[in-house]
Amino acid sequence: MDEWIGFIGEKWKKEINVFDFIRENYTEYKGDESFLVGPTDKTKKIWKKCVELQKEELEKGVLDVETHLVSGINNFKPGYICKDDDVIVGLQTDAPLKRMVNPYGGVRMVKSSLEAYGYKWDPEVEKHFTTYRKTHNDGVFDAYTTQIRAARHVGLLTGLPDAYGRGRIIGDYRRIALYGIDFLVQKKKEDLIALEKQEITEYVIRLREEVSMQIKALEEIKAMAKTYGCNISKPAKNAREAVQWTYFGYLASIKENNGAAMSLGRTSTFLDIYIERDLKNGTLDEAGAQELIDNFIIKLRLARHLRTPEYNELFAGDPTWVTESLGGMLNESRSLVTKNSFRYLHTLINLDSSPEPNLTVLWSNKLPRAWKAYCAKISILTDSIQYENDDLMRPIHGADYAIACCVSAMTVGKQMQFFGARCNLAKALLYSINGGVDEVKGGKIVEGIPKMYDKVLNYDKVLASYDNVLDKVAKIYVDAMNIIHYMHDKYAYEAGQMALHDTDPEKLMAFGIAGLSVAVDSLSAIKYAKVRPIRNEDGIAVDFEIEGDYPKYGNDDDRVDKIAVEIVKHFYKKLTRHKLYKGAKHTLSILTITSNVVYGKKTGSTPDGRKAGMPFAPGANPMHGRDCSGAIASLNSVAKIPYCNVCEDGISNTFSIIPTALGNDEEARVDNLVNLMDGYFIRGAHHLNVNVLNRETLMDAMENPDKYPTLTIRVSGYAVRFNRLSKEQQLEVINRTFHGQM
């Protein structure tokens, strides 16, 4: 094809293989950031308008909602920021920050969201989804068991995607730019014919229907792009088209779905190939290249979904998790860092810091030093980057993987994920003491667990009971996940995103745990100190007295850290005993965002001394104030939790440090942060959020939000705009996430 002139390689031309194209054509960059340029006048004009709209949105809660149409790839007229100046075109609806109604997940969430912001749904549209069409949420609750309903109600299983889009499916949006829609449609049609040769089982029947839906979705994406005057039937012929075509793929996904984490993938190195070709042939200069990326990022920052205030509280302030994975290694000697990797990070300077897109650096100590230094520099300036261990993930997923949501890795276009929120391990531990009865709401949630009446808790007895509880909880959790994703495929299938995958990709089922450090410290207290339950009139332990001290997680103490490792291993093993929908592979994460506050509210007092309703620690972090042996010891404890074959959905860790602790000048701070991350990841740790801030700055930002409109912090795998958090969440972040500043 003419569009491929100047590109080398043969394999990627004969089959859909974006990674082979990248490997054959990209240009590694080992230099520094000196080539970068500021925003163009056109970018400044566009971004100024966006900032004004975002301020208005913040005051109103939502800027506007379209109540007469529903979500869909091509259901809206074209929308622009500044039509004559938009370098990259396309919006979710017909106006920037205007949200759409997505009723396929569930009607109740739509109505609650609209009512919360003072809107009314078009009665004719509502009638369609209450009278004629079943939703995902309806299907889920029709199939839920009594035990699942109970576990959900009390907060044993929390944040399940049973009322909204599941997210965490990364379409390979690069395919549209490289191949064009017509080529992708042809390949899907060939796959559909090939499936005729297989025995027509239930699995094949479902797959054939899904591929047919994917073909229709691809045609809808082409039609949507045409409304903007773009013909994406053929491959992109230059850098601007490559960025635009890629964005149309992502835009289709957020028009179609209200997913919990609508991640972007791994686009920077791919797009750099087109930029380098244009730079060499003289049709683009560096200012133009940065303008393309700045404007692409602007569009990603405008992604919005209509959600309830309760959802936003659980997930930290209206997030979309547009995660882009940067850097990483091709092999042991060559990185995937390009000039475009720098350009993506540079948007945090040109456009100010921002939670979106959720920029994730795939870290290896073998990465070019200049790249690592620039990442550290931007971290110190913006607190908007997270880091994940490429040397752990690359051997499992290959070199062309990306992060979904916060910490979840999958091979782009070849793996997809069924997302499943969290299981409350701290509450499960209380059930092992209280005979399966919920300590907050009462009622038996887990059957077959004897109630303990010991005056002093016995470690071996509690551990055996906890093991029994987790056996039963694992089954309830798997049952819930299988039902959720069966019904989501049936009533809210992501045809546009799945069209940009291989036809039968590997499926990952993402389980998660919350309250790990609470459960670990509780067991340590029972083992090494004397813990006396304080029971109510029904014999339920509602508080605990602790006599003596005990080793606490977060101090590099194997006595307690081994308990953490064993809990995680045992729970994962229990999950794997149960079959999964579509033959998915079990994965597990230790991840909470500010939802650790919500989980804590639903959990009674625990044997570690934590009182009822108090927040959990975020992610795999130690509890507030208990990691008293220094930051390195705290990092070491988290690094012991195994990623490979256990927590392959991710292990979140948030690290905070005051600027002066890194050094007295920028060069020293950058060098020390790079060395700290090299040391942490070489121990086998998976993930690190980095916040370089003073506590005083955050306190001032809480009292004077207008002074810090772009202040961004990272909390357990996700960057959040500080002024989007509630006062309670802000205080929790200050007092708990930042307590360990050096």
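User: A crossing is left-handed if the near helix is turned anticlockwise from the far one by less than a right angle, right-handed if clockwise. Which is it where H13 passes H15?

Analyst: Right-handed. This is a predicted model, where local features need pLDDT of at least 70, side-chain atom pairs count only at pLDDT 80 or more, and totals for chains, interfaces and linings use all residues. Residues are numbered from 1 along each chain as its sequence is written, and side-chain values use heavy atoms, without hydrogens or water.

User: At what angle do the axes of H13 and H15 cross?

Analyst: Roughly 65°, with the axes of H13 (residues 286-301) and H15 (residues 339-350) coming within 9 Å. Axes are fitted to C-alpha atoms over the stretch in contact, with angles from 0 to 180 degrees between N-to-C directions. Helices are DSSP runs of at least four residues, strands of at least two.

User: Which residues make the contact?

Analyst: Among them are Ile293, Phe296 and Ile297 of H13, and Arg343, Tyr344 and Leu348 of H15. Contact means heavy atoms within 4.5 Å.

User: New topic: which strands pair with S6?

Analyst: S5 (residues 358-363) runs parallel to S6 and is joined by four bridges. S17 (residues 687-692) is antiparallel to S6, over three bridges. Pairing takes at least two DSSP bridges.

User: Are the side faces of S6 buried or exposed?

Analyst: Gln386 and Glu388 on one side are buried, as are Tyr387 and Asn389 on the other. Buried is under 20% relative accessible area, exposed over 50%, partly exposed in between (1.4 Å probe, protein chains only).

User: And Lys48, buried or exposed?

Analyst: Exposed, at 57%. Lys48 sits in helix H3 (residues 41-60).
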